[in-house]
Amino acid sequence: MGLLIVLSGPAGVGKGTVCSALRSRMPEIVYSVSATTRQPRQGEVDGVNYFFKTREQFQEMIARDALLEHAEYVGNYYGTPRDFVDRTLASGKDVILEIEVQGALKVKEKFPEAIFIFLLPPSLDVLKERITGRGTETADVIDTRMNVAVEEMNLLRHYDYAVINDEIDAACDRIRSIVIAEHCRRERFMPYVTGMKTAIEKA
Ligand code: 5GP
């Protein structure tokens with residue numbers, strides 16, 4: 001079985017940016033493509049960035065239990081197609097999900113053995129800059145988003161690892177180290193050692 005890696009964190013922390021940087025740095029990990037009801041942004045390709053669905057299609061996916069988790073985020077649905085994750089893990093490959101915090105908690109209920117990585121902003125100022133930099137929101141909207149982000153940071157306690165997203169290369173290196181270390185966990189080598197013991201006993 002491959003490892004299921006969940007990369008999450010508060011809105012505005014740069015999950016998408018870190019995840020796309022990881023794609024080129026860790027091509028051996030399979031990136032799960034989510035389904036969403038939001039409109040494609042310029043340059044986004046159906047089946048590559050997301051599977052773009054209507055609300056009806058999305059609801060039909062929920063009804064037939066085709067999603068490992070789903071959440072509503074800023075008026076749109078987002079969800080992880082279950083089959084692809086199951087098949088990829090069973091083939092021995094690692095899978096990474098880049099999802100918001102509500103979805104990550106749902107994955108934890110179903111896959112407690114997954115590896116949960118929480119991205120943190122280097123400072124509140126940087127977070128504010130990232131939240132503000134996205135558009136022309138009013139001060140009220142920015143305040144609300146900052147409060148939500150700070151609330152979301154409380155969810156860190158449900159995670160296994162925290163990675164500060166101060167610099168993209170450094171953040172990717174930390175995530176890479178986590179994945180390598182997780183592959184070295186003792187439990188994963190028990191069948192290997194048992195196999196060696198059996199071979200020696202037979203010889
Ligand atoms: P965006 O619309 O900017 O691409 O994504 C908005 C938010 O949805 C991001 O925080 C992203 O991590 C999250 N997201 C993307 N795919 C999924 C998914 O399959 N499930 C959940 N729960 N969140 C997702």
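This is a predicted model: local features need pLDDT of at least 70, side-chain atom pairs count only at pLDDT 80 or more; totals for chains, interfaces and linings use all residues.
Visitor: Which residue other than glycine has a positive phi near 45°?

Guide: That is V74, a residue other than glycine whose phi is near 45°. V74 lies in the loop between β5 and β6, and these two strands form a hairpin with two residues between them.

Visitor: Is V74 buried or exposed?

Guide: V74 counts as exposed, because its relative accessibility is 68% and the cut-off for exposed is over 50%.

Visitor: What sheet do β5 and β6 belong to?

Guide: They belong to an open sheet of four strands, in which the order is β4-β3-β6-β5 and the pairing is mixed. β4 (50-52) and β5 stand at the edges of this sheet with a single partner strand each, so one side of each has no neighbour in the sheet. On average, neighbouring strands here are turned by 25° against each other, with direction ignored.

Visitor: In what sense do β3 and β4 pair?

Guide: Strand β3 (residues 34-36) pairs with β4 in the parallel sense, over three bridges, and within that pairing A35 has F51 of β4 as its bridge partner.

Visitor: Changing topic: which residues are closest to the ligand?

Guide: The ligand is surrounded by 15 residues, and the closest are R38, Y50, Y78, E98 and E100. Among the strands, β5 (67-73) and β6 (76-81) each supply at least two residues of the shell around the ligand.

Visitor: How do the residues of that shell divide into nonpolar, polar and charged?

Guide: The shell around the ligand has five nonpolar, four polar and six charged residues.

Visitor: How far are polar side-chain atoms of R38 from the ligand?

Guide: A polar side-chain atom of R38 lies 2.6 Å from an oxygen atom of the ligand. For R41, an N or O atom in the side chain is 2.9 Å from an oxygen atom of the ligand, and for E98 a polar side-chain atom lies 2.4 Å from a ligand oxygen atom. As for the cover around the ligand, the accessible area that the ligand has on its own is 510 Å², and the protein covers 89% of that area.

Visitor: Which strand holds the residue opposite L7?

Guide: L7 stands opposite E98, which is in β7, and E98 is also one of the residues closest to the ligand. Strand β7 (residues 95-98) is joined to β1 by four bridges, and the two run parallel.

Visitor: How many of the residues of β1 are buried?

Guide: β1 is mostly covered, with five of its five residues buried. L4, V6 and S8 point one way from β1, while I5 and L7 point the other way.

Visitor: What is the order of the strands in the open sheet of five?

Guide: The order in that open sheet is β2-β7-β1-β8-β9, with parallel pairing. β2 (30-31) and β9 (161-164) stand at its edges, and each has a single partner strand, so one side of each is left without a neighbour in the sheet.

Visitor: To step back, how many helices and strands does the protein chain have?

Guide: The protein chain has eight helices and nine strands. Its C-alpha trace spans about 75 × 40 × 30 Å along the principal axes, and of the 203 residues in the chain, 41% are buried.

Technical notes
Residues are numbered from 1 along each chain as its sequence is written. Side-chain values use heavy atoms; hydrogens and water are left out. A residue is near a molecule or strand if one of its heavy atoms lies within 4 Å of it. A polar contact is a pair of N or O atoms within 3.5 Å; within protein, one must be able to donate a hydrogen and the other to accept it, and residues adjacent in sequence count only if both atoms are side-chain atoms. Accessible areas come from the Shrake-Rupley method with a 1.4 Å probe; for residues, only the protein chains shown count as cover. Ala, Val, Leu, Ile, Met, Phe, Trp, Tyr, Cys and Pro count as nonpolar, Asp, Glu, Lys and Arg as charged, and the others, Gly among them, as polar. Two strands pair if DSSP finds at least two bridges between them. Axes are lines fitted to C-alpha atoms, for helices over the stretch in contact, and angles run from 0 to 180 degrees between N-to-C directions. Buried means under 20% relative accessible area, exposed over 50%, partly exposed in between (1.4 Å probe, protein chains only).
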